[in-house]
Amino acid sequence: MNQIVAVEPGVYSVLMDGRSYEARIEQSNGCVVVFIDGHRFEIEIRDPRRWSRQTGRQGAEGRLNVTAPMPGKIVRLLVAQGDAVAAGQGLLVMEAMKMQNEMKAPKAGRVVSITAHEGATVAAGDVLAAIE
Amino acid sequence: MFRKVLIANRGEIAVRVMRTLREMDIAAVAVFSDADRTSLHVRMADEAEWIGPSPSAESYLRIDRILEAASRHGAEAIHPGYGFLSENADFAAACESAGIVFIGPPAESIRRMGSKIAARQMAIAAGAPVVPGAHEALRSPAEARAFARQFGYPVLLKAVAGGGGKGMRRVDADTQVDSAFRDAASEAERSFKNPELYVEKLIERPRHIEIQLLGDRYGHMVHFGERECSIQRRHQKVMEECPSPLVAARPGMREAMGEAAIRVALSAGYYNAGTVEFLVDAHGDFYFLEMNTRLQVEHPITELVTGHDLVRLQLEVAAGEKLRLRQEDIAWRGSAIECRVYAEDPYNNFFPSPGKITRLTRPLGPGVRLDGCVYDGWIVPIDYDPLLAKLAVWNGTRESAIARMVRALREYDVGGIHTNITFFRQILEDEEFRAGRLHTGFVDQFLERRKPFAPPPDLESIAALVAAFHSAQSATHPHSSPAPRSRWLDIGRHEALR
């Protein structure tokens, strides 16, 4: 018998074709993230019964913002406004939790704005730069 | 023995020390910063005191505040853990002059081992091998050639005033010496305004292997064998094992390294726990690197293999007891591995990932040890090293210990933040790792050859099914997921309605 049983909040036990799986759920802006055996799956649910505002995920088209993934400090800018950048190219160096990390361009394009400046403290979610 | 000990640290090591204090019936005093009021070490402690704001410079590094807390609470001794003030000679000295025992080596030994150059000279004087090199300026390329003929190529030319790889050149043959010397000297001149160079033997693909020591105040010291710590990222160890696959395959090597380490430590007047780090080349030749004058992060694997509680031994010798253990009492059984579980994203350049832990399932079962500071609902602070826990396993052989570690990692679930748990699973499946071919550049090379952490084909459809089920459920029972209601609240409402 195939079954899905909620065993703990956000944890499901699945029996499927005689095999047993444990799945854990995390909500993440608009989609459901499911973890099974360390593997991560992002599942988008489209339910016509529910009114939902499509946030319109930012694709490769148009302007893309680069935001700070966590609070920290801007150590160094690696590009200037107007620079052409390749996807994955380092834009700036951010320090958080005693480690320096490069923030990379999410796609190829031109740096249309760079709001971060060296030495600035930023909060999670702050827009640091925009690529178009 | 002490009746009360203050732990001048936080996180998993504070919890680790506290566990031994409990077992010895010694009261534990925790100190904490603003960020750590709800941390596990404070929750577990018998007594606790706030010592300042979140930045460590204003709390965990404040010698004055820690000593005030110790005297206010009547602690007779202070355990420094690792990091923070643990290798600060001034702190050790301040403890002693305040009449509080510092659970560690004497301040003078910390000071002497703190200088790399002084430590190297002490090692040479004690007859321990060091990386061959002339740490004084070369007068000509000919001197570099003479050195290389004596110790063999490859050698490294380094700037006397240097650092960060500037003014450094690798040389593989006599014919390259002149041009390498010229390039390195001019780069050193440009970078440091000093063209002087020295020469050192280059250890290729070195291993990092260290020896655990423990001694009493009366000159008796034993070693607890080695730990292999070659799996490093950003020059920081992430995975360690005992025994080292290299040392295990070479009869007499452990004894030779242990004896060399003891000689160096005793020549510095050392006592309590300490670790001597060696670089080891492919032939099994080892060279003194430095001494860490404290308990190491990775000490649990030594405890698993030797069966001794190193924190207990630290406390006993700090209290002035004689170390009853003889070298021949120490035996090594089986194999242990440790993984340092960090709040970081291994698929995004190991970017730190602080935040709230929304789910937690800990690995359990045979041969598993977890030294952590995490609980469900805890918010990993951004102010400190993002180490969540050290997962260590023991088993009879290296192969079975690897299998056990994979099993334990598969049981381990931390929700809400990213961790490096799956990264360890991938390393443990790697053929080079399984063959024991380790060196300090291992992780960098592994990152280039690693395949994506791909799921078996059936999992994605299961995930989609569960997501749909979950979504439908939360739509029909929108209030089923929030925190469970309090029974007290129910009783209160019931009483109010009477």
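Modeller: Helices and strands here are DSSP runs, numbered from the N terminus. The model is a predicted one.

Biologist: Where is Lys193(B) placed?

Modeller: Lys193(B) sits in the loop that joins helix H8 (177-192) to strand S9 (197-201) of chain B. Its phi is near 55 degrees, which is positive although the residue is not glycine.

Biologist: Is Lys193(B) buried or exposed?

Modeller: Lys193(B) has 8 other C-beta atoms within 10 Å, so Lys193(B) is exposed. Phe84(B) also has a positive phi, near 40 degrees, and lies in the loop between S4 and H4 of chain B. Phe84(B) has 20 other C-beta atoms within 10 Å and is therefore buried.

Biologist: Which residues of helix H4 of chain B are buried?

Modeller: In H4, residues 89-97, they are Phe91(B), Ala92(B) and Cys95(B). Viewed down the axis of H4(B), the buried residues fall within an arc of 100 degrees, so they line one face of the helix. Asp90(B) and Ser97(B), on the other side of H4(B), are exposed. The cover over the buried residues of H4(B) includes helix H3 (63-73) and helix H5 (107-114) of chain B.

Conventions. Residues are numbered from 1 along each chain as its sequence is written. Chains are lettered from A and ligands numbered from 1 in the order in which they are written. This is a predicted model: local features need pLDDT of at least 70, side-chain atom pairs count only at pLDDT 80 or more; totals for chains, interfaces and linings use all residues. A residue is buried if 20 or more other C-beta atoms lie within 10 Å of its own, exposed if 12 or fewer, and partly exposed in between; C-beta atoms are placed from the backbone. Helices (H or I, at least four residues) and strands (E, at least two) are DSSP runs, numbered from the N terminus. The arc is that of the directions from the helix axis to the C-beta atoms. Two residues are in contact if their C-beta atoms, placed from the backbone, lie within 7 Å.
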